[in-house]
Amino acid sequence: MIKDGFMYLSVLVAFAALMVAFEKKFSSNRFFKFIPGIVLIYIGAAIMQTCGLFAHNESTASVYSNVKGALLPAMLAIMLLKCDIRSIFKLGPRMLGGFLVAVISIMIGFIVVYVAFQHFYIKDTWKAFGALAGSWTGGSANMVALQGILKVPENIFGYALMMDTINYAVWVMFMFWLVPFAGRFNRWTKADTSFIQKGFESASSEEKTGIQFQHLLYLLGIGLFISSFSTFAGQHLPEVGAVINGTSWTIMIASVIGLILGQTPVAKIAGALDVSNVMLYIIVALIASQSDFSNIAQAPIYLLSGLLIMLIHLIIMLLLGKLFKYDLFTLGVASLANIGGMASAPMLAAAYNRALIPIGVIMALIGSFLGTYFGMIVAKILSIF
């Protein structure tokens, strides 16, 4: 049994690195296409905890709390450095309308399914659904942030992560399966697709320079300073209801600072995505190390709930397409920008046309910034029932 906090952290980071190495080495293997490295990190760390590898003492608890508390705001701030808010306005009301309806339909799905099946869930599932809503309207980072904000019990959070993985995988495959039917779908909705060819090529910029050590130092310095400042400020602001607490303030302050810096030359520092991903993987490993899979038998009802949430989302999106003549590209990317985030929305856009990748990037970035707040709204509504 590991009793030392530093040893506990080093084992988790080393395990995360090992899983990423396996994923890169065998990237063409079908196994990693269905179960990505980040999920293996979660499952592996949770199994270590379930088997009693980590001791429950002051040393490990202190490392868990301090490292996670420092990395989470830093990760969000660095991730948002690439969010160019000026490009968002170039999307136009039609694109934003599709994105907004996707968000609302997912939130409705969570509310309807939770009300219908709440008697089958473990206590405090509304917190896990709030965190999952953050992921399905933003991304994994939003889900991790909401886990801290809502104080989601680690065992229930494990179910949310399973839904986020398995239901998400099914949805991504379905979205890509639809691509060849775009022409037929657009004729059914009578959509005008000429607008998507105009004016979006420069909506996002790629890093032109390679990553050097000074870039990593810049990003670490900026991220950790924002984290400490946000934490200090968050601890001195008043709580508002059950959702807006010190952690909420910390996350919101770090997000806003990251977004503001994203409009400055700081956004041009190379390596922001890589550094934020390193932090994300370490945070996921830490969270998983507090998990207990003893209630795994309850998983089927959660997976069924995830499918029903997506079904409600699909029906509402189809109604939007038919009533307002939306094209399949806009609906699909808006949906996957929410449920899949940065990892998959640009890929789906590329499946239609590489010139449309910036739209997928920008939609996913909008979700990255707002997902935490959408998740908080869902959690607040579900807490009423």
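User: Which residues does Ala-379 touch, not counting residues up to four places away in sequence?

Analyst: The model is a predicted one, and contact here means heavy atoms within 4.5 Å. Ala-379 itself has its place in helix H17, residues 357–382. Leaving out residues up to four places away in sequence, the residues that Ala-379 touches are Trp-126, Gly-130 and Leu-150.

User: Is Ala-379 buried or exposed?

Analyst: A residue counts as buried under 20% relative accessible area. Ala-379 has 0% relative accessibility, and it therefore counts as buried.

User: What distance separates the C-alpha atoms of Ala-379 and Lys-127?

Analyst: Along the chain, Ala-379 and Lys-127 are 252 residues apart. In the model, the separation of their C-alpha atoms is 6.0 Å.

User: What share of the contacts in the chain between residues at least 6 apart in sequence join residues at least 24 apart?

Analyst: The chain has 385 residues, of which 52% are buried. It contains 17 helices and 0 strands. Among contacts between residues at least 6 apart in sequence, the share joining residues at least 24 apart is 83%.

User: Why is helix H8 largely enclosed by the rest of the structure, and how many of its residues are buried?

Analyst: Helix H8 covers residues 140–150. Its buried residues include Ala-141, Met-143, Leu-146 and Leu-150. H8 is largely enclosed by the rest of the structure because the buried residues number 10 of the 11.

User: Where is Asp-124 placed, and what is its phi?

Analyst: Asp-124 is partly exposed, at 24% relative accessibility. Its place is in the loop between helix H6 (92–117) and helix H7 (125–136). Although Asp-124 is not a glycine, its phi is positive, at about 70°.

User: How are H3 and H13 oriented to each other?

Analyst: Helix H3 (residues 37–50) and helix H13 (residues 272–288) pack with their axes 7 Å apart, at an angle of about 30°. Angles under 35 degrees count as roughly parallel. The orientation of H3 to H13 is therefore roughly parallel.

User: How many nonpolar residues does the contact of H3 with H13 have?

Analyst: Residues of H3 in this contact include Ile-38, Ile-41 and Tyr-42, and those of H13 include Leu-280, Tyr-281 and Val-284. The contact has no charged residues and 1 polar residue, and its nonpolar residues number 11.

User: How are H14 and H15 oriented to each other?

Analyst: The axes of helix H14 (residues 299–324) and helix H15 (residues 328–339) come within 11 Å and cross at roughly 150°. The crossing is right-handed. Since angles over 145 degrees fall in this class, H14 and H15 are roughly antiparallel.

Terms used: Residues are numbered from 1 along each chain as its sequence is written. This is a predicted model: local features need pLDDT of at least 70, side-chain atom pairs count only at pLDDT 80 or more; totals for chains, interfaces and linings use all residues. Side-chain values use heavy atoms; hydrogens and water are left out. Axes are lines fitted to C-alpha atoms, for helices over the stretch in contact, and angles run from 0 to 180 degrees between N-to-C directions. Helices (H or I, at least four residues) and strands (E, at least two) are DSSP runs, numbered from the N terminus. Angles under 35 degrees count as roughly parallel, over 145 as roughly antiparallel, 65 to 115 as roughly perpendicular and the rest as oblique. A crossing is left-handed if the near helix is turned anticlockwise from the far one by less than a right angle, and right-handed if clockwise. Buried means under 20% relative accessible area, exposed over 50%, partly exposed in between (1.4 Å probe, protein chains only). Ala, Val, Leu, Ile, Met, Phe, Trp, Tyr, Cys and Pro count as nonpolar, Asp, Glu, Lys and Arg as charged, and the others, Gly among them, as polar.
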